[in-house]
Amino acid sequence: ASNSSREGAAGAWLRTPLAPGEGITAQSGAFERDTQESSTTDEELSRAGSPGSRGGGSTTPDYGEKRLPQALLIGVKKGGTRALLEAIRAHPDVRAVGTEPHFFDRNYEKGLEWYRNVMPKTLDGQITMEKTPSYFVTNEAPRRIHSMAKDTKLIVVVRNPVTRAISDYTQTLSKKPEIPTFEVLAFKNRTLGLIDASWSAIRIGIYALHLENWLQYFPLSQILFVSGERLITDPAGEMAKVQDFLGLKRIVTEKHFYFNKTKGFPCLKKPEDSSAPRCLGKSKGRTHPKIDPDVIHRLRKFYKPFNVMFYQMTGQDFQWEQEESDK
């Protein structure tokens, strides 16, 4: 369906599709490799004996059956998706894959049977989930997911697009120290202050543009938007919304979290049967490079109309503009 008529301020100049995994780093689509976004390695997951880990840690049951997921964590990259996945996996009625299957963007030709096989076994009444943050920006994903099951529940963790872009760049920088500076990549023309919206780090944060694509296939009532900021300041509050949305009892509450001062974000407390608290891996909470304040100012101005559009589309104010004026 052509959505050019509905794009409005998103503008034709932003319409070039973002290829899956596009950006400065070319990624192999292999499912076996932990992808960029994943922080918890499979080894860590197995050690923790966490449900859904490949190699089936100690708590994975041999009974039940593999089902296609009823809920998907579709985005956004560097928004807090790993933290949300780990928290919801603490719920006994949720089973989730530890690695990102990338089915609806990179592995679609492998077919639904392959996808089902990647899933953990579940019992009746349990929800099967997976997370692949690049789905949100993949043009074909909404149609493909809709054709699997039109009642699929979708969860999107969103975060201030400026900090999200810097976090995205920081992650790439840690893997490729030779890349140009953030300032160089962010502009088409620095003198004129023209932002390069084709750079994936910036493009992903134009949430209104991507959401338009999803709303052609799914009603707003089937999409939950979680605040990446509140996931840090009030993890239990955000998790209450997630559990309600999934139709689950509120089992993951305050008592599941403690604040880790070193990392600067909440961690999951240790479950009774495991020997250590679950904190996100070393790749999370990296120190961001110092970015020229003028560049940040220009980026805020660039994102503002899109943020406002996104607030109107979702009926939620994420207060990213307010946040800026507080600083």
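A salt bridge, as the term is used in this talk, is a side-chain nitrogen of Lys or Arg within 4 Å of a carboxyl oxygen of Asp or Glu. By that criterion, the structure before you holds 13 salt bridges. Please bear in mind throughout that this is a predicted model.

Let me begin with the chain as a whole. Its secondary structure comprises 13 helices and 11 strands. Of the 327 residues in the protein chain, 53% are buried. The chain exposes about 14800 Å², and carbon and sulfur atoms supply 54% of that area. As for contacts, if we take those between residues at least 6 apart in sequence, 72% join residues at least 24 apart.

I turn now to the annotated position. The UniProt record, an unreviewed entry, places the feature "active site" at K78. Where does K78 lie? It is found in the loop between β2, residues 71–75, and α3, residues 81–88. Is K78 buried or exposed? The cut-off for buried is under 20% relative accessible area; K78 has a relative accessible area of 8%, and therefore counts as buried.

K77 forms a salt bridge with D168, and the closest N and O atoms are 2.9 Å apart.

In general, side chains of opposite charge can pair when their charged atoms come close. E238 forms a salt bridge with R230, with the closest N and O atoms 3.0 Å apart. K241 also forms a salt bridge with E238, and here the closest N and O atoms are 2.8 Å apart. How are K241 and E238 placed in helix α11? They are three residues apart in that helix, which spans residues 235–245, so about one helical turn separates them.

The accessibilities of these residues deserve a word. E238 counts as buried because its relative accessibility is 2%. R230, at 27% relative accessibility, counts as partly exposed. K241 is likewise partly exposed, with a relative accessible area of 37%.

Finally, which residues are linked in a network of salt bridges? One such network links E65, R67 and D124.

Technical notes: Residues are numbered from 1 along each chain as its sequence is written. This is a predicted model: local features need pLDDT of at least 70, side-chain atom pairs count only at pLDDT 80 or more; totals for chains, interfaces and linings use all residues. Side-chain values use heavy atoms; hydrogens and water are left out. UniProt positions are given in the numbering used here, feature names are shortened, and annotations may be inferred rather than shown by experiment. Helices (H or I, at least four residues) and strands (E, at least two) are DSSP runs, numbered from the N terminus. Buried means under 20% relative accessible area, exposed over 50%, partly exposed in between (1.4 Å probe, protein chains only). Contact means heavy atoms within 4.5 Å. Accessible areas come from the Shrake-Rupley method with a 1.4 Å probe; for residues, only the protein chains shown count as cover.
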